[in-house]
Amino acid sequence: WSLVPVGWRVVGWSGLVVGLALAMWALAANSFASAMARLQPDRGQRVIDDGPYAIVRHPKYLGIVIIYPSLALALASLWALVPASITIVLFVLRTTLEDRLLRAGLPGYRDYATRVRCRLIPGLW
C-alpha cells in the first residue's frame, strides 16, 4: 500500500468504471470475442466494425489497459503500477500479433484496418 491522495483514488475508481464499461461494450458488440485470439470460420466469423470497433480495432484491450493502472490507483497501491505497466506492454504486443493473425486469415480485415487505423488509442495508435 502507498500514500495515494484521495483525488488519485477517485481517478482510479472512475477509470475502473470506464474500462469495465468499454470492455463489456466490446464483448457485447463482438460475439466472436474470446480469451484466445483465433480464427473461427466454423462459426462464420466476420469483421465487426460497429460499436466500439468503429473507433479502435481492439476496444476490449483498451478497456483492460485502462483497468489495470486504475485498479492500482483505486486500491492506493503505487507498487501495483509496476505489474500494471508490464500488463499494458503485453497487451500492446498482443494487439500486434492479433492484427497479423486477423490480416492473414479473416476476410475483410485488411480493409477494416485501413478504415479504422487506430489499434488501441483513439486518434493516436
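Helices here are DSSP runs of at least four residues, numbered from the N terminus, and the model they are drawn from is predicted.

**View 1. Histidine 58 sits in the loop between helix 1 (6-29) and helix 2 (59-74).** With a relative accessibility of 4%, histidine 58 counts as buried. Leaving aside residues up to four places away in sequence, histidine 58 touches Thr95, Glu98, Asp99, Tyr109, Arg119 and Leu120.

**View 2. Aspartate 99 forms a salt bridge with arginine 57, their closest N and O atoms lying 2.4 Å apart.** This pair links distant parts of the chain, with aspartate 99 in helix 3 and arginine 57 in the loop between helix 1 and helix 2, 42 residues apart. Both aspartate 99 and arginine 57 are buried.

**View 3. Aspartate 99 also meets arginine 119 in a salt bridge (3.1 Å, N to O).** Arginine 119 belongs to the segment after helix 4 and aspartate 99 to helix 3, so the pair ties together parts 20 residues apart in sequence. Arginine 119 is buried, as is aspartate 99. Through shared partners, salt bridges join Arg57, Asp99 and Arg119 into one network.

**View 4. Arginine 115 and aspartate 49 form a salt bridge, with 2.9 Å between the closest N and O atoms.** Arginine 115 lies in helix 4 (residues 109-115) and aspartate 49 in the loop between helix 1 and helix 2, so this bridge ties together parts that are 66 residues apart in sequence. Here arginine 115 is exposed, at 51% relative accessible area, while aspartate 49 is partly exposed at 36%.

Conventions:
Residues are numbered from 1 along each chain as its sequence is written. This is a predicted model: local features need pLDDT of at least 70, side-chain atom pairs count only at pLDDT 80 or more; totals for chains, interfaces and linings use all residues. Side-chain values use heavy atoms; hydrogens and water are left out. Helices (H or I, at least four residues) and strands (E, at least two) are DSSP runs, numbered from the N terminus. Buried means under 20% relative accessible area, exposed over 50%, partly exposed in between (1.4 Å probe, protein chains only). Contact means heavy atoms within 4.5 Å. A salt bridge is a side-chain nitrogen of Lys or Arg within 4 Å of a carboxyl oxygen of Asp or Glu.
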